[in-house]
Amino acid sequence: MKGRLLLAATPLLLLLGGCSGSEESAPALPPRPVLTMVVEDTVAEASSFSGTIEPRYETDLAFRTLGRIVSRDAGVGDQVTKGQQLAALDAETLAANVRSAEAQAESARAQAETARASATRAEALFADKALSQAELDTAEQGATAADAGLAQARADLDKARTTLSYAILTAPFDGVITGRTGDVGQVVNAGATVMTIARTDVREAVVDIPSELIDTVEAGAPFTILLQTDPSITAQGKVREVAPEADALTRSNRVRILLDAPPAAFRLGTLITAQPERTSAGALVVPRTSVLGEGAATSVWVVTPDGDAATVHQRTVELGDTRGAFVEVTGGLKAGERIAVAGVHSLKDAQRVSLNQKDGSP
């Protein structure tokens with residue numbers, strides 16, 4: 001019986017032995033090809049953007065009444081001071097209205113004085129019982145009405161004088177005339193722009209930054225501004241405003257940088273170059289596609305040579321500023337080390353990889 005069992009088990013053992021041998025002889029998986037790059041210790045070059053100097057405050061000036069321009073006392077490019085006359089309308093009709101209002105005010109004053117004197121006499125006669133209460137009331141009402149008429153006449157005179165002042169266009173602040181649309185002899189409506197004035201004491205640099213780089217710019221970011229005609233003349237500024245939408249044609253966002261006490265050479269309309277200030281002078285730069293995770297938990301795959309192939313090991317790194325498709329690494333990585341730059345989400349720790357592909361570089 002035992003002999004039969006042994007003979008029956010022999011083929012099974014041979015079969016298992018054959019299977020075991022086939023598994024041991026199965027070839028290992030080849031190293032996975034990956035795209036890598038060697039991190040170099042290079043000083044990051046700051047991007048630069050061309051733009052112009054523009055005023056922070058600019059105001060359109062207009063007459064507040066209808067009329068024909070009879071004088072223009074300032075032109076484009078003229079420096080003006082607060083209260084200086086810039087233009088004037090034909091004010092003959094307005095001046096006649098003032099004279100008429102003055103006459104009406106004088107007449108109302110005389111009527112008020114007469115009515116008040118009549119009321120005073122009526123009070124004396126009423127005290128002597130020579131006048132009835134009704135007559136006294138009538139006299140006092142007449143005096144009150146005359147006083148009201150005088151107040152109205154004086155208000156009309158003030159209004160006429162104010163309207164006459166609208167015929168003179170004056171500078172609301174110290175600045176420079178940057179535009180002019182009205183000229184002598186032209187009839188303008190109330191509120192129609194005649195001139196444009198800009199303050200020169202508060203200036204800003206205006207640049208257009210490509211949309212793919214706009215994420216690196218935020219309000220308050222420091223910039224260095226250089227004159228294109230003389231780069232040795234510089235000024236400092238901080239971002240005041242970033243346009244929320246990109247221009248449909250240029251695919252760039254307009255950025256306004258408020259200058260801090262710029263030199264006189266930074267005149268309105270001057271061509272400038274704006275450079276963002278970098279806090280890290282020699283940070284390493286790697287592609288954003290090579291970074292795993294977000295926030296504080298960020299890492300890269302470091303490639304370690306291993307014979308003819310190599311292995312990858314995950315390492316935590318610290319990141320700095322983002323510059324388009326690249327990001328600065330401020331800690332956790334050294335120059336000369338090789339990292340994987342593509343397919344990083346499908347790699348495993350200690351996985352063998354092949355370096356046959358062409359290296360990427362920033």
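1. Ala350 sits in the loop between strand E22 (338-340) and strand E23 (352-354); helices (H or I, at least four residues) and strands (E, at least two) are DSSP runs, numbered from the N terminus. Its phi is positive, about 70 degrees, although Ala350 is not a glycine. Most residues other than glycine have a negative phi. At 43% relative accessibility, Ala350 counts as partly exposed; the cut-offs are buried for under 20% relative accessible area, exposed for over 50%, and partly exposed in between (1.4 Å probe, protein chains only).

2. Before going further, keep in mind that this is a predicted model, where local features need pLDDT of at least 70 and side-chain atom pairs count only at pLDDT 80 or more, while totals for chains, interfaces and linings use all residues. Residues are numbered from 1 along each chain as its sequence is written, and side-chain values use heavy atoms, with hydrogens and water left out.

3. Ala261 also deserves a look: phi is near 50 degrees, a positive value in a residue other than glycine. Ala261 belongs to the loop between E15 and strand E16 (271-276). With a relative accessible area of 67%, Ala261 is exposed.

4. On to the charged pairs. Side chains of opposite charge can pair when their charged atoms come close. How many salt bridges does the model hold? The count comes to 16, taking a salt bridge as a side-chain nitrogen of Lys or Arg within 4 Å of a carboxyl oxygen of Asp or Glu.

5. Take Glu54 and Arg256, which form a salt bridge with the closest N and O atoms 3.4 Å apart. This pair links distant parts of the chain, with Glu54 in strand E3 (residues 49-55) and Arg256 in strand E15 (residues 252-260), 202 residues apart. Glu54 is partly exposed, at 25% relative accessibility. Both residues belong to a network of salt bridges that also links Glu204, Arg240 and Glu241.

6. Asp183 and Arg72 make another salt bridge through their side chains (3.4 Å, N to O). Asp183 is in the loop between strand E9 (175-180) and strand E10 (187-188) and Arg72 is in strand E5 (residues 67-72), so the pair ties together parts that are 111 residues apart in sequence. Asp183 comes out as partly exposed at 33% relative accessibility, and Arg72 is partly exposed too, with a relative accessible area of 31%.

7. Finally, there is Glu92 with Arg99, whose side chains meet in a salt bridge (3.5 Å, N to O). Glu92 is exposed, at a relative accessible area of 51%, whereas Arg99 is partly exposed at 46%.
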